[in-house]
Amino acid sequence: MPDLPIRPAVLASPDYPFSAVTAPIKLDQNESFEDFPAELKDLALERLRQLPWHRYTDLNADALCNAVARHDGWAPEGTVVTTGSNVLIALLIQLSAMGGGRVLTVKPNFALYGLDARLLGAELTEVPLREDQSVDFDALIAALGPASDPAARGVIYLPRPHAPTGSLCSLGDVERLALASQGWLLVIDEAYHHFMDSEDARALARRHPHVVLLRTLSKAWGLAGLRMGYALTSDGVARQLRKLVPPFGVSVLQTVCTLVALEHPGYVQARVAHTLRERERLFLALQRHPSWQPMPSHANFLLVRTPDAAQAHAQLLAGGVLVRRQDSLPGLHGCLRVTVGTTEENDAFLRAAGLGGAQ
Ligand SMILES: *Cc1c(COP(=O)(O)O)cnc(C)c1O
């Protein structure tokens, strides 16, 4: 490497842990099992045709913010949209913890929390999940340290439902953490909230101005390729966060497609119902596997413990089914993560797992 002005934290950082593998049946990225509806694509394309592409979009994507806020029952002043919620994960560290502040999360976790913390020079604390994959709130609260020292604070990342285990913590526990974490930003990543059978954290976030909810169109909405996510938070946090969002960052394409989706949200509910039915079917089938064990899940995927993740992954791939290995994550030895797909895809998965694909 020639002598370039690149920060040591960047040089020392690994690439994002993902390598594309092609297989006929793709159950490795927790995407929707079905594309965005064709008639809504047509509608969006027709609108796009009529809009000027040579003009910049509005500075803070106000129309989009308003539509998202209306859909989610939130104040537009507290709504911040960006090109994927992963952008917000980095921006919230920039807002609060960059260069010496702290990032506190659980482990295992979504890889970006730790990667971004390291890239941005924050001090990372990861609190292990308990043996049963539940969040250890006592340990999280203990890890906050003394509230008096502003330099020892920053941002807490809590995925709910948890990724990649699919477990769900109670709102009572989150409330306890919210009360204990005054002076921090408490970010609840709700990427998979459509798939849980529990209240979401909006009421809690209304009571605590330091709470930020992250949501995405990449999962239940079937729009991972569009790149659209948003934060719901207090007006005060949103106002500061907006300063870090690149101006005119949301394209006319992203704006129009998201507006069309939000105007026709009906398709999401039927898809979620399918995913919940199929998740239950997969879970019950996997419980009959002689050596694999599924974790109960509140998301659109299942974590499965096997005796040998490399062997199980290769066996599934030989059957045409691609899943994601998670066995390098702490506490997840032998684990694979499989996205709930279409009925046919799930049958193929069960067949490849040696379960015959029955019912
Ligand atoms: C998929 C996912 C996201 C969404 O990321 P986007 O950038 O919006 O696609 C965020 N958090 C978790 C835990 C996820 O699994």
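How far is an oxygen atom of the ligand from an N or O atom in the side chain of Arg227? The distance is 2.8 Å. The model is predicted: local features need pLDDT of at least 70, side-chain atom pairs count only at pLDDT 80 or more, and totals for chains, interfaces and linings use all residues. Residues are numbered from 1 along each chain as its sequence is written, and side-chain values use heavy atoms, without hydrogens and water.

View 1. A polar contact is a pair of N or O atoms within 3.5 Å. Ser218 places a side-chain N or O atom 2.6 Å from a ligand oxygen. For the side chain of Lys219, the distance from an N or O atom to a ligand oxygen is 3.1 Å. Taken alone, the ligand exposes 390 Å². The protein buries 92% of that area (Shrake-Rupley method, 1.4 Å probe).

**View 2. The shell around the ligand.** Residues surrounding the ligand include Gly84, Phe110, Asp189, Tyr192 and Arg227 (a heavy atom within 4 Å). The shell divides into 4 nonpolar, 5 polar and 3 charged residues. Gly counts as polar here, and Tyr as nonpolar.

**View 3. A salt bridge between Arg215 and Asp72.** The two side chains meet at 2.9 Å, N to O. A salt bridge is a side-chain nitrogen of Lys or Arg within 4 Å of a carboxyl oxygen of Asp or Glu. The pair links distant parts of the chain, 143 residues apart. Arg215 lies in strand E7 (residues 211–216), Asp72 in helix H3 (residues 62–72). Helices (at least four residues) and strands (at least two) are DSSP runs, numbered from the N terminus. The structure holds 17 salt bridges.

Note on methods: A polar contact is a pair of N or O atoms within 3.5 Å; within protein, one must be able to donate a hydrogen and the other to accept it, and residues adjacent in sequence count only if both atoms are side-chain atoms.
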